[in-house]
Amino acid sequence: MYKMSKAPLLTAVQIQERIEALAAQIAPCDFDVILSVLTGGFMFTTDLCRHIATPKLQVAFIKASSYGNSTESSGELKISGLKHLNIRGKKVLVIDDILDSGNTMKELVHKLADFGAKELKTCVLLNKPARRAVDFNVDFVGFDIENKFVVGYGLDYANDYRTLPEIWTLEEA
Ligand code: 5GP
Ligand code: MG
């Protein structure tokens with residue numbers, strides 16, 4: 001059994017302030033497409049997009065899953081939604097919720113290499129440097145956090161907690 005930490009690790013205000021700063025860094029890069037990784041990345045993607053005010057920025061979604069109903073990755077990554085993806089010749093920013101082992105982003109970027117993007121950069125809201133198992137350098141990071149399982153703001157445990165506007169740690173009850 002798990003329970004939420006008493007106080008959020010990151011408050012809604014902290015998250016929103018950091019996202020505004022990130023958007024100011026990202027906007028001048030003139031990306032053509034934001035490629036958002038579902039499901040965890042949905043809230044971060046929408047809030048970030050709101051602050052990148054340009055009519056020409058497109059948004060596309062793909063789905064990656066490896067966790068099932070646990071706090072440990074099953075190791076087997078499933079990616080769907082690539083079939084109709086058109087990013088040829090475009091400047092693409094891939095957005096996910098969190099970089100943990102790095103497996104998801106590394107494999108995704110490897111798969112996307114065949115799609116002919118002009119430029120491919122990556123952005124995550126959260127980064128757990130202590131957990132990195134593969135060599136992967138992410139281009140934009142919201143927050144570096146400790147090695148704890150977190151939920152809220154898009155991130156789930158067995159599909160719960162995603163709609164909370166803060167990030168919480170999950171502890172064994
Ligand atoms: P990686 O492939 O880098 O190990 O893990 C990336 C994916 O695992 C993330 O997109 C996220 O879905 C999930 N994940 C990793 N760490 C956490 C965590 O602390 N909390 C939650 N809810 N999901 C996590
Ligand atoms: Mg994910």
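**Close-up views of a predicted model**

View 1. Ile98 is found in strand S5. The model shown here and in the views that follow is a predicted one. With a relative accessible area of 17%, Ile98 is buried, because residues under 20% are counted in that class. Not counting residues up to four places away in sequence, Ile98 touches Val124, Leu126, Lys128, Ile145, Val150 and Leu155. Gly41 stands 57 residues from Ile98 in sequence, yet the C-alpha atoms of Ile98 and Gly41 are 8.2 Å apart in space.

**View 2. The shell around ligand 1.** Ligand 1 has 16 residues around it, and those that come nearest are Asp97, Ser101, Thr104, Val150 and Asp156. A polar backbone atom of Val150 lies 2.7 Å from a nitrogen atom of ligand 1. Ligand 1 taken alone exposes 510 Å², of which the protein buries 92%. Two or more residues of the shell are given by each of strand S5 (91–99) and helix H3 (103–112). Strand S5 provides the largest share, four residues. Sorted by class, the shell around ligand 1 consists of six nonpolar, four polar and six charged residues.

**View 3. The largest nonpolar core.** This core has 27 residues, and Phe44, Leu48, Leu126 and Ile167 are those with the most contacts inside it. At least two residues of the core come from each of helix H1 (12–26), helix H2 (42–50), strand S5, strand S6 (119–127) and strand S7 (140–144). The largest share, five residues, is supplied by H1. In soluble globular proteins, nonpolar side chains tend to be buried together.

**View 4. Leu126 and a separate core.** Leu126 is one of the residues with the most contacts inside the largest nonpolar core. Its neighbours within four places in sequence left aside, Leu126 is in contact with Leu10, Asp97, Ile98, Leu99, Phe143, Ile145, Val150, Leu155 and Ile167.

**View 5. Helix H2 and what covers it.** The buried residues of H2 include Met43, Phe44, Thr45, Asp47, Leu48 and Cys49. Their cover includes H1, strand S2 (33–38), strand S3 (58–65), S5 and S6. Asp47 is found in this helix and is buried, with a relative accessible area of 10%. When neighbours within four places in sequence are left aside, the contacts of Asp47 are Gln16, Ile19 and Tyr153. Between Asp47 and Asp114 there are 67 residues of separation in sequence and 29 Å in space, C-alpha to C-alpha.

**View 6. Thr122 in strand S6.** Thr122 lies in strand S6. The relative accessible area of Thr122 is 2%, so this residue is classed as buried, the cut-off being under 20%. Beyond its neighbours within four places in sequence, Thr122 is in contact with Leu93, Val94, Met105, Val109, Phe136, Asn137, Val138, Asp139 and Phe140.

**View 7. The cis peptide bond between Leu38 and Thr39.** Leu38 and Thr39 are joined by a cis peptide bond, with omega about 0 degrees. Thr39 has its place in the loop between S2 and H2.

View 8. Asp30 has its place in the loop between H1 and S2. Phi of Asp30 is near 50 degrees, a positive value in a residue other than glycine. Asp30 counts as exposed, at 54% relative accessibility. Asn159 belongs to the loop between strand S8 (150–151) and strand S9 (168–172). For Asn159, also a residue other than glycine, phi is positive, near 75 degrees. The relative accessible area of Asn159 is 53%, and Asn159 is therefore classed as exposed, the class that begins over 50%.

Notes:
Residues numbered from 1 in each chain as written. Chains lettered and ligands numbered in written order. Predicted model: local features only at pLDDT ≥ 70, side-chain atom pairs only at ≥ 80, totals over all residues. Heavy atoms only, no water. Near = heavy atom within 4 Å. Polar contact = N/O pair within 3.5 Å; in protein donor to acceptor, adjacent residues only side chain to side chain. Areas by Shrake-Rupley, 256 points an atom, 1.4 Å probe, with all protein chains shown as cover. Nonpolar A, V, L, I, M, F, W, Y, C, P; charged D, E, K, R; others polar. Core = buried A, V, L, I, M, F, W, Y, C linked by side-chain atoms within 4.5 Å. Buried < 20%, exposed > 50% of the residue type's maximum accessible area, 1.4 Å probe, protein only. Contact = heavy atoms within 4.5 Å.
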